[in-house]
Amino acid sequence: MEKLLLLYCSLLFCFATITFTCSATTYTVGDSSGWDISTNLDTWITDKKFKVGDVLVFQYSSGQSVEEVTKENFETCNTSNVLATYGNGNTTVPLRKGGDRYFVSGNKLYCLGGMKLHVHVEDDDDKLIAPTIAPKAVAGSDENTVTLPNSPSSKKSTHLSAGTLNHCARNALQFVYIAVMVAAYFSI
């Protein structure tokens, strides 16, 4: 009976740990001010720690755009050779792998005025994870963008999001393995 109780406690501990560690955060860039020239993005980012599976939401007016660029283009606000362009006013960017990401305004003058964002994404092993399940795109919008409802907060927790599923599955298997080993040890 004691061994069975120990097994149940081990599995409960594993489930609680997986639920706690397998969460993603959705960040609205610039909080309620959004992706705008008046937003101090350097101040906004100071207390943020981005992880694989997190999501950036850029909210901006229809005349604006967000462009993902290389580090070199970020530093010079070069918007002639971009990695991705978003322009429907409400863009989600999933952070699928660790490393540095660079975003600038499509308007070079705004970029030079500070409308740019460097995000460092932390990950233990910097391995690419499975793509997230994208919400339905709005008709007539950019192919790479989706529309989301406005968010009153810049940070939301999304437990077991699709973007972190593989990372969480690996952790889950490790914890289940530990629980089985503990149970096997005590059954001898």
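Let me begin with Q64, which is found in the loop between β3 (55-59) and β4 (66-69); helices (H or I, at least four residues) and strands (E, at least two) are DSSP runs, numbered from the N terminus. This is a predicted model, in which local features need pLDDT of at least 70 and side-chain atom pairs count only at pLDDT 80 or more, while totals for chains, interfaces and linings use all residues. Residues are numbered from 1 along each chain as its sequence is written, and side-chain values use heavy atoms, with hydrogens and water left out.

Is Q64 buried or exposed? Q64 counts as buried because its relative accessibility is 16%; buried means under 20% relative accessible area, exposed over 50%, and partly exposed in between, with a 1.4 Å probe and protein chains only. Leaving aside neighbours within four places in sequence, Q64 is in contact (heavy atoms within 4.5 Å) with G87, S105, Y110 and M115.

Two strands pair if DSSP finds at least two bridges between them. β4 pairs with β5 (residues 84-86) in the antiparallel sense over 3 bridges, and V66 stands opposite Y86 there. With β7 (residues 99-105), β4 runs antiparallel and is joined by 4 bridges; the bridge partner of V69 in β7 is Y102.

Now to the interior. A nonpolar core is a set of buried Ala, Val, Leu, Ile, Met, Phe, Trp, Tyr and Cys residues joined through side-chain atoms within 4.5 Å. The largest has 21 residues, and those with the most contacts inside it are W35, L56, F58, F103, L117 and V119. α2 (41-45), β3, β5 and β8 each supply at least two residues of this core. Another core, of 6 residues, lies apart from it, and V69, F74, C77 and Y102 are among its members.

The link is left-handed, with -80° about the S-S bond. C77 lies in the loop between α3 (71-76) and β5 and C111 in helix α4, so the pair ties together parts that are 34 residues apart in sequence. C77 counts as buried at 1% relative accessibility, and C111 is buried at 0%.

G113 counts as exposed because its relative accessibility is 54%.

How values were computed:
A disulfide is a pair of cysteine sulfur atoms within 2.5 Å.
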